[in-house]
Amino acid sequence: MKIVILEDEVLARNRLLRMLDEILPDHEILGMFRSVRDTATFLLNKTVEPDLIFIDIQVEDGNSFELFELVDIKSKIVFVTAYNEYAVEAFRLNAVDYLLKPLKKYQLKEAVDKAKPVLKQSISNMIENNGVYKSRFLIRFANKLHSIQTKEIAYIYSKNKISYFQQWDGSRTASDFNLKDIEPVLNPKHFFRTNRQFIVHIDSISEMTRFGASRIKLQLRPAINEEIIISTEKTKIFKKWLEA
Amino acid sequence: MNSALPYLLFNDANIFKVLTAFFAATTLYFFFKWKDRSYSKKIGLDNLNAESELIYMRNQLNPHFLFNSFNSLIGMMEEGKHEAGAKMVEDLSDFYRIILDYGKRNLVSIEEEFQMVSLFVDIINQRFDDNIHLTISDISDKIELPPLTLQLLIENAIKHNEFNDENPLYISIGVRDNQIFIKNNRRRKNYKVKSTGNGLLNINKRFELLINKSIVINDNEQYFEVLLPII
């Protein structure tokens, strides 16, 4: 999910970012701004359409409802404010949600969930259309083509916008696939999306250690020099998956 | 790391103090809300119209200020900024205690108002990187004025002007030619702020009721200044 934030207070913005890390590990911040002016400039010159914009109502240079006069906004909107008196106007602007400060995680999660029904549907469509999971991937990267069998894959990870298919024999193939698109076409019995960066095969996990209060750190084989940490949110589902 | 922080913090003895103060602030808020009812009745008797009475009441309570501060406070706790958090709770408590102490008084001393606006600006500055510079000239005189007058004017200055690291907001308060002045540099917010203008009207009405004198407003591109007659 591609996100833009309009919030003029650093502490408030950092809180929002921390919560988003937890409830929506697969997000990307396109921009963070303190003023209506800077947000409008960004939106008018953007190359990628944000999926979701978080908007504080009173910001550095005035009232952010003015943003809607300056830019035609197609993204989903969630207002985050300490003022309760703007809710009617917010819903007139088709806001997905109107959250009151102090911000609470469960409310933010509800708002984010409301903002992503289209995405959910597209994934379920893919699964329905295919009926079965992929047994083979045709990977195109630069001017080369590779055909890899799903059973050869130990894990898939993304780094610097490139997805790497790590195979059991130690070889590795780069691709321009998006993990988000790969995840639904893999059998969830065998593969698990641990975080934004990794999809792992159940047999590739060589070691698990507790990390912090409620997270888990993984070691994989073939070994890789990256930290793989399962978020608090996902730990429960992960444990279930291991037992299935 | 982040998600584990709150849990670690709750084990800290410091945070217990912060939470206690937090709870106290909330209690004070609701206590005041209750107490405010009888106060607004009194103002009603003073011929202030219903609308400005409402604005005045809301200004006193300042709920969005309280909720924004709470949001920042939680942020500080999560980031392990114990000292800053404790300072903010102390400031909030002192701020709301002054409002409570005002009670039904028609006049308060200028020292009390100074103390109150200093606390207010300190709290806002913790949230906005010390971008408000408040200067209060030494005033030894026993000057009195209607409660929350300076508070409302400072809030207005913050509400109507854009300020950041490069362009701080400078507010000065003092006495000149037998008048109290509150002056700030002008950098109007580009995108209009929802404002009724009732705050200033309300202050004016109070001075007219009390001493039959009006306040003076100087508004230009460089600065905004309000002159209050001395009672």
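In the predicted model, A:Pro102 is placed in the loop between β7 (97–100) and α5 (105–115) of chain A. The peptide bond that joins A:Lys101 to A:Pro102 is cis, with omega at about 0°. In chain B, a backbone feature of another kind occurs at B:Asp129, a residue other than glycine whose phi is positive, near 50°. B:Asp129 is located in the loop between α6 and β2 (132–136) of chain B. Most residues other than glycine have a negative phi, and most peptide bonds are trans.

Over all chains, 21 aromatic pairs are present. One of them is formed by A:Phe137 and A:Phe177 in an edge-to-face arrangement, with 6.1 Å from centre to centre and 75° between the planes. This pair connects distant parts of the chain, 40 residues apart: A:Phe137 is in strand β8 (residues 136–141) of chain A, and A:Phe177 is in the loop between β12 (172–175) and α7 (179–182) of chain A.

Helix packing was examined in chain B. The axes of helix α6 (residues 110–127) and helix α7 (residues 149–160) of chain B come within 8 Å and cross at roughly 30°; α6(B) and α7(B) are therefore roughly parallel to each other. The crossing of α6(B) past α7(B) is right-handed. Residues of α6(B) in the contact include B:Phe114, B:Val117, B:Val121 and B:Ile124, while those of α7(B) include B:Leu150, B:Ile154 and B:Ile158. By class, this contact of α6(B) with α7(B) comprises 10 nonpolar, two polar and two charged residues.

Helix α7(B) also packs against helix α8 (residues 198–211) of chain B, the axes coming within 10 Å and crossing at roughly 160°. The helices α7(B) and α8(B) are therefore roughly antiparallel, and α7(B) passes α8(B) in a left-handed crossing. On the α7(B) side, B:Thr149, B:Leu152, B:Leu153 and B:Asn156 meet B:Gly199, B:Leu200, B:Ile203 and B:Phe207 of α8(B). Five nonpolar and three polar residues make up this contact of α7(B) with α8(B), with no charged residue.

The mean pLDDT of chain B is 81, and 73% of the residues score at least 70. Within chain B, confidence is highest in strand β7 (residues 223–229), at 95, and lowest in helix α1 (residues 5–10), at a mean of 49. Where pLDDT is low, the predicted coordinates should not be read in detail.

Definitions and conventions
Residues are numbered from 1 along each chain as its sequence is written. Chains are lettered from A and ligands numbered from 1 in the order in which they are written. This is a predicted model: local features need pLDDT of at least 70, side-chain atom pairs count only at pLDDT 80 or more; totals for chains, interfaces and linings use all residues. Side-chain values use heavy atoms; hydrogens and water are left out. Axes are lines fitted to C-alpha atoms, for helices over the stretch in contact, and angles run from 0 to 180 degrees between N-to-C directions. Helices (H or I, at least four residues) and strands (E, at least two) are DSSP runs, numbered from the N terminus. Angles under 35 degrees count as roughly parallel, over 145 as roughly antiparallel, 65 to 115 as roughly perpendicular and the rest as oblique. A crossing is left-handed if the near helix is turned anticlockwise from the far one by less than a right angle, and right-handed if clockwise. Contact means heavy atoms within 4.5 Å. Ala, Val, Leu, Ile, Met, Phe, Trp, Tyr, Cys and Pro count as nonpolar, Asp, Glu, Lys and Arg as charged, and the others, Gly among them, as polar. pLDDT is the predictor's confidence in each residue, from 0 to 100. Rings of Phe, Tyr and Trp (its six-membered ring) pair if their centres lie within 6.5 Å; planes under 30 degrees apart count as stacked, over 60 as edge-to-face and the rest as tilted.
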